[in-house]
Every structure is written in structure tokens, then in C-alpha cells.
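Please load the model in your viewer and keep the selection panel at hand. The tour goes from one selection to the next and says what is there.

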Amino acid sequence: MQEFFAMGGYGAYVWSAFGISAFILLINLLQPVLQHRQAIRDADDFHHQD
């Protein structure tokens with residue numbers, strides 16, 4: 001099992017690249033959801049100004 005994580009001596013590079021990629025994918029999934037929620041709040045605030 002330790003050999004798997006060591007990746008033939010390249011484990012630090014492989015796992016850091018994997019972690020960075022996973023983090024970026026997570027951001028790419030969450031950012032549109034958060035922006036949509038903010039747009040809904042902004043539209044609701046604009047609508048209730050009347």
C-alpha cells in the first residue's frame with residue numbers, strides 16, 4: 001500500500017497535482033451555485049424596493 005502512495009518516488013507530485021485538480025473542480029462546481037444564489041437575492045432586493 002505504501003508503494004501505491006509513493007508512486008515510484010513521484011507521490012508528492014502526483015498527489016499534490018491530484019489535490020489541486022480536485023480543489024479547482026470543486027470551485028468550478030460551487031461558484032455558479034453561489035453566483036446564482038446571489039443573483040436571486042439581488043433580484044429579490046430590487047423587486048422589494050418598490
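Begin by selecting helices α1 (2–6) and α2 (11–47), each of which supplies at least two residues of the nonpolar patch; helices here are DSSP runs of H or I with at least four residues, strands are runs of E with at least two, and both are numbered from the N terminus. The model is a predicted one, in which local features need pLDDT of at least 70 and side-chain atom pairs count only at pLDDT 80 or more, while totals for chains, interfaces and linings use all residues. Residues are numbered from 1 along each chain as its sequence is written, and side-chain values use heavy atoms, with hydrogens and water left out.

Next, show the patch itself by selecting Met 1, Phe 4, Phe 5, Trp 15 and Phe 18, which together make a nonpolar surface of about 610 Å². Patches are built from residues with over 30% relative accessible area and no salt bridge, joining like charges within 9 Å and nonpolar side chains (Val, Leu, Ile, Met, Phe, Trp, Tyr) within 5 Å; a salt bridge is a side-chain nitrogen of Lys or Arg within 4 Å of a carboxyl oxygen of Asp or Glu. Areas come from the Shrake-Rupley method with a 1.4 Å probe, and for residues only the protein chains shown count as cover.

Now keep Phe 4, Phe 5, Trp 15 and Phe 18, which form one aromatic cluster. The whole structure holds 4 aromatic pairs, where rings of Phe, Tyr and Trp (its six-membered ring) pair if their centres lie within 6.5 Å, with planes under 30 degrees apart called stacked, over 60 edge-to-face and the rest tilted.

Select Phe 4 with Trp 15: the ring centres are 5.9 Å apart and the planes stand at 65°, so this pair is edge-to-face. Phe 4 in helix α1 and Trp 15 in helix α2 are 11 residues apart, and their pair links distant parts of the chain.

Phe 4 is partly exposed at 47%, Phe 5 is partly exposed at 45%, and Trp 15 is partly exposed at 32%.

Finally, zoom out to the whole protein, where 2% of the 50 residues count as buried and the C-alpha atoms fill a box of roughly 65 × 15 × 10 Å along the principal axes.

Key: Buried means under 20% relative accessible area, exposed over 50%, partly exposed in between (1.4 Å probe, protein chains only).
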